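Here is a friendly walk through one protein chain. Have the sequence and the 3D view open as you read.

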Amino acid sequence: MICWNCGNVFEGEVHRTTECPSCKKDLHSCYNCRFFSEGSHYDCSESSADLVSDKERANFCDYFKEGNNSKHKSSGSASKNDPKAAFDALFG
């Protein structure tokens, strides 16, 4: 699995409390799930999933499957915290 935050490659089983050894972010989170789909209902392509409000934190979702959504941080988180970066990304 690739950490959604730092891009570190994690070899091993991911449990709810597993953290990335490099950046200490939770790995059992929406951003690392193969069903994460920004813009979908609850940002999840699994139609029966419950709402998870903090997509960065570990959760109890039964649908979690390891994915490689490491690109999320570079496209989403920075623009939330930096309005100019979001503007530049939209309009070049």
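Aspartate 43 sits in the segment before H1. Its backbone is worth a look: phi of aspartate 43 is near 60°, a positive value in a residue other than glycine. Aspartate 43 has a relative accessible area of 24%, so it counts as partly exposed. Keep in mind as you read on that this is a predicted model.

Lysine 24 also shows a positive phi, near 70°, and is likewise not a glycine. Lysine 24 belongs to the segment before helix H1, and that helix covers 71-81. Is lysine 24 buried or exposed? With a relative accessible area of 52%, lysine 24 is exposed, because the cut-off for that class is over 50%.

## Salt bridges

How many salt bridges does the structure hold? There are two. Side chains of opposite charge can pair when their charged atoms come close.

One of the bridges joins glutamate 56 to lysine 25, and their closest N and O atoms are 3.9 Å apart. Glutamate 56 and lysine 25 are both in the segment before H1, yet they are 31 residues apart, so the pair links distant parts of the chain. Glutamate 56 has a relative accessibility of 26% and is partly exposed. Lysine 25 is partly exposed too, with a relative accessible area of 30%.

In another bridge, the side chains of aspartate 26 and arginine 57 meet at 3.6 Å, N to O. Both aspartate 26 and arginine 57 lie in the segment before H1, and the pair ties together parts that are 31 residues apart in sequence. What about cover for these two partners? Aspartate 26 is buried, with a relative accessible area of 13%, whereas arginine 57 counts as exposed at 51% relative accessibility.

## The cavity

Rolling a probe the size of a water molecule over the atoms shows where empty space is left. Here the count comes to one cavity of 30 Å³ or more. The largest cavity holds about 120 Å³ of space. Which residues are the closest to its centre? They are Cys30, Cys44, Ala49, Val52 and Cys61, out of the 14 residues that line the largest cavity.

Sorted by class, that lining has 11 nonpolar residues, one polar residue and two charged residues.

## Buried residues and distances

Phenylalanine 10 is found in the segment before H1. Its relative accessible area is 14%, so phenylalanine 10 is buried, the cut-off being under 20%.

With a relative accessible area of 9%, glycine 67 is buried. How many residues lie between glycine 67 and cysteine 3 in sequence terms, and what is the distance in space? Glycine 67 and cysteine 3 are 64 residues apart in sequence, and 9.5 Å apart in space from C-alpha to C-alpha.

## A nonpolar surface patch

Now turn to the other helix. Phenylalanine 87 lies in helix H2, which covers residues 83-91. Which residues make the nonpolar surface patch? Phe87, Leu90 and Phe91 make it, and the patch is about 400 Å².

Conventions:
Residues are numbered from 1 along each chain as its sequence is written. This is a predicted model: local features need pLDDT of at least 70, side-chain atom pairs count only at pLDDT 80 or more; totals for chains, interfaces and linings use all residues. Side-chain values use heavy atoms; hydrogens and water are left out. On a 1 Å grid over the protein atoms alone, a cavity is a set of points where a 1.4 Å probe fits but cannot get out, and a pocket is an open set with protein on both sides within 12 Å along at least five of seven lines; lining residues have an atom within 4 Å of a point. Grid points are joined across faces, edges and corners, and a volume is the space filled by probe spheres set on the points. Ala, Val, Leu, Ile, Met, Phe, Trp, Tyr, Cys and Pro count as nonpolar, Asp, Glu, Lys and Arg as charged, and the others, Gly among them, as polar. Patches are made of residues with over 30% relative accessible area and no salt bridge: like charges are joined within 9 Å, nonpolar side chains (Val, Leu, Ile, Met, Phe, Trp, Tyr) within 5 Å. Accessible areas come from the Shrake-Rupley method with a 1.4 Å probe; for residues, only the protein chains shown count as cover. A salt bridge is a side-chain nitrogen of Lys or Arg within 4 Å of a carboxyl oxygen of Asp or Glu. Helices (H or I, at least four residues) and strands (E, at least two) are DSSP runs, numbered from the N terminus. Buried means under 20% relative accessible area, exposed over 50%, partly exposed in between (1.4 Å probe, protein chains only).
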